[in-house]
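Colleague: I would like to learn how to read the features of a model like this one. Can we take them one by one?

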Amino acid sequence: MTRARILLLSHQGTADLEISRALGVSVQMVRATRKHFVLGGLEDALFDGLRTGRPAKFGGQDRAAITALACSEAPEGHSQWSIRLLADKAVELQLVDGIAPSTVFYILKKTKSSRIAKSSGASRN
């Protein structure tokens with residue numbers, strides 16, 4: 001919607017700085033949207049193109065399974081889960097084909113829960 005408004009205001013002759021202030025966006029965004037319109041047309045200006053790079057290896061279900069595992073009771077002989085232990089157990093349980101401990105750390109860092117806090121963070125008293 002914002003990009004469409006940028007194009008509409010540009011068509012009406014409004015200056016880039018005025019558009020950015022009116023819509024609460026940067027002048028660079030206004031200029032980039034106009035440039036995409038001139039070079040690629042309306043479709044290019046309104047919608048993001050395909051992004052380069054490797055797609056994510058682990059989807060939402062994989063992340064949820066690893067998070068659920070981290071929230072479960074630690075295995076016998078351990079007081080709590082370690083990142084390496086979680087990675088090994090996720091492979092053992094065939095939740096994923098293979099995963100690096102650093103990836104487990106990254107997945108858990110994205111959640112609001114803590115493996116070691118006394119509270120799960122679900123509610124505050």
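Colleague: Start with Arg3. What does its relative accessibility make it count as?

Modeller: Buried means under 20% relative accessible area, exposed means over 50%, and partly exposed lies in between (1.4 Å probe, protein chains only). Arg3 has 25% relative accessibility, so it counts as partly exposed. Keep the source in mind: this is a predicted model, where local features need pLDDT of at least 70 and side-chain atom pairs count only at pLDDT 80 or more, while totals for chains, interfaces and linings use all residues. Residues are numbered from 1 along each chain as its sequence is written, and side-chain values use heavy atoms, with hydrogens and water left out.

Colleague: Which side chain meets that of Arg3 in a salt bridge?

Modeller: A salt bridge is a side-chain nitrogen of Lys or Arg within 4 Å of a carboxyl oxygen of Asp or Glu. Here the partner of Arg3 is Asp48, at 2.7 Å from N to O. Arg3 sits in helix α1 and Asp48 in the loop between α4 (42-46) and α5, so the bridge ties together parts 45 residues apart in sequence.

Colleague: How many salt bridges does the structure hold?

Modeller: Four. Another joins the side chains of Arg34 and Asp16, 2.5 Å from N to O. Asp16 belongs to helix α2 and Arg34 to helix α3, so this pair ties together parts 18 residues apart in sequence. Asp16 counts as buried, at 16% relative accessibility. Arg34 is partly exposed, at 36%. A network of salt bridges links Asp16, Arg31 and Arg34.

Colleague: And Lys89 with Glu92: how far apart are the closest N and O atoms?

Modeller: They are 3.3 Å apart, and the two form a salt bridge. Both residues are in helix α6, three residues apart, which separates them by about one helical turn. Lys89 is partly exposed, with a relative accessible area of 24%. Glu92 is exposed, at 56%.

Colleague: How many helices and strands does the protein have?

Modeller: Helices (H or I, at least four residues) and strands (E, at least two) are DSSP runs, numbered from the N terminus. This protein has seven helices and zero strands.

Colleague: Take α2. Which of its residues are buried?

Modeller: In α2 (residues 16-23) they are Asp16, Ile19 and Ser20. They cover an arc of only 95 degrees around the axis (taken from the directions from the helix axis to the C-beta atoms), which puts them on the same side of α2. The face turned away from that buried side carries the exposed residues Glu18, Arg21 and Ala22. Cover for the buried residues includes α1 (2-11) and α3 (27-40). After α2 comes Gly24, with a positive phi near 70 degrees.

Colleague: What about the nonpolar core? How many residues has the largest one?

Modeller: A nonpolar core is a set of buried Ala, Val, Leu, Ile, Met, Phe, Trp, Tyr and Cys residues joined through side-chain atoms within 4.5 Å. The largest here has 15 residues, and Ile66, Leu86 and Ala90 are among those with the most contacts inside it. α5 (60-71), α6 (83-92) and α7 (101-109) each supply at least two of its residues. α6 gives the largest share, four residues.

Colleague: Which residues does Ile66 touch?

Modeller: Contact means heavy atoms within 4.5 Å. Leaving out residues up to four places away in sequence, Ile66 touches Ala90, Val96, Ile99, Val104, Ile107 and Leu108.
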